[in-house]
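Hello,

Here is the structure I said I would pass on. My notes on what turned up in it follow below.

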Amino acid sequence: MPLPSDVRPLSRTDFPFVLALSRERIADGFLDEKELENYLLSPLLGALVLLGEGNPIGYVLYRKDEMEAEIDEIAILEKEEGKKKASHLLDALLDTLRDGKRKTCFLEVREGNDKARRLYEKNGFVIYRRRRNYYPGEDALCYRKEL
């Protein structure tokens with residue numbers, strides 16, 4: 001399925017935006033330029049960028065193989081929250097992953113990240129496992145969605 005007109009694959013010109021937003025919005029953001037480069041080059045990794053008025057306003061990083069996928073990060077500019085932009089980006093990714101082969105999409109989130117949990121649950125993800133104390137003093141909740 002083709003991407004919506006406001007979503008496109010990651011390009012090198014997006015690196016400064018993605019790296020800055022990751023540091024700003026993702027707790028314990030881990031990305032550096034070399035790691036981000038892997039999402040551009042590896043056939044097992046992917047990244048999409050959401051545009052607003054022609055400029056990047058969000059991104060999603062993911063892993064994939066023949067049978068499943070996993071979301072590593074999704075982030076939207078704070079000023080774009082509450083406008084269903086993250087849901088739109090997530091929908092675009094899930095449509096991309098539905099190629100007839102992949103059956104499941106996974107992700108994990110800090111238990112206390114209520115915004116992210118609401119996003120995933122509204123989009124059909126369900127908790128299938130808890131990782132106790134995965135983060136310092138906090139559990140990780142593992143979600144899955146059948147594609």
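Arginine 63 has a relative accessible area of 39%, so this residue is classed as partly exposed. The model is a predicted one, and that applies to everything in this message. Arginine 63 is joined to aspartate 72 by a salt bridge, in which the closest N and O atoms are 2.9 Å apart. Aspartate 72 is partly exposed as well, because its relative accessible area is 24%.

The number of salt bridges comes to 14. Two others may be of use to you.

One of them links lysine 83 and glutamate 80, with 3.5 Å between the closest N and O atoms. Which of these partners is buried? Glutamate 80 is, with a relative accessible area of 13%. Buried here means under 20% relative accessible area, and exposed means over 50%. Lysine 83 is partly exposed, because its relative accessibility is 47%.

The other one is between the side chains of aspartate 139 and arginine 132, at 3.0 Å from N to O. Aspartate 139 is buried, with 9% relative accessible area, while arginine 132 counts as exposed at 61% relative accessibility. Through shared partners, salt bridges connect Glu111, Arg130, Arg132 and Asp139 in one network.

On the surface there is a patch of negative charge, made up of Asp65, Glu66, Glu68 and Glu70. As for glutamate 70, this residue belongs to strand β4, which covers residues 68-76. Its relative accessibility is 34%, so glutamate 70 counts as partly exposed.

Lysine 84 is not a glycine, yet its phi is positive, near 65°. Where does lysine 84 lie? Lysine 84 is in the loop between β4 and α3 (85-97). With a relative accessible area of 69%, lysine 84 is exposed. Asparagine 133 is the other case: phi is positive there too, at about 50°, although the residue is not a glycine. Asparagine 133 is located in strand β6 (residues 126-135). The relative accessible area of asparagine 133 is 56%, so this residue is exposed.

Leucine 48 sits in strand β2, residues 45-52. Is leucine 48 buried or exposed? The relative accessible area of leucine 48 is 4%, and therefore the residue is buried. Between leucine 48 and aspartate 91 there are 43 residues in sequence, and the C-alpha to C-alpha separation in space is 11 Å.

Last, the overall picture. The protein contains 4 helices and 7 strands. Read from the N terminus, the order of elements is β-α-α-β-β-β-α-β-α-β-β. Along the principal axes, the C-alpha atoms fill a box of roughly 40 × 35 × 30 Å. What radius of gyration would a compact globule with 147 residues have? The value would be near 15 Å, and the protein has 15 Å, so the two agree. Of the 147 residues, 41% are buried.

Regards

Conventions:
Residues are numbered from 1 along each chain as its sequence is written. This is a predicted model: local features need pLDDT of at least 70, side-chain atom pairs count only at pLDDT 80 or more; totals for chains, interfaces and linings use all residues. Side-chain values use heavy atoms; hydrogens and water are left out. Patches are made of residues with over 30% relative accessible area and no salt bridge: like charges are joined within 9 Å, nonpolar side chains (Val, Leu, Ile, Met, Phe, Trp, Tyr) within 5 Å. Accessible areas come from the Shrake-Rupley method with a 1.4 Å probe; for residues, only the protein chains shown count as cover. A salt bridge is a side-chain nitrogen of Lys or Arg within 4 Å of a carboxyl oxygen of Asp or Glu. Lys and Arg count as positive and Asp and Glu as negative; His and the chain ends are not counted. The place of a charge is taken as NZ of Lys, CZ of Arg, CG of Asp or CD of Glu. Helices (H or I, at least four residues) and strands (E, at least two) are DSSP runs, numbered from the N terminus. Buried means under 20% relative accessible area, exposed over 50%, partly exposed in between (1.4 Å probe, protein chains only). The radius of gyration is taken over C-alpha atoms; the globule rule is 2.2 Å times the number of residues to the power 0.38.
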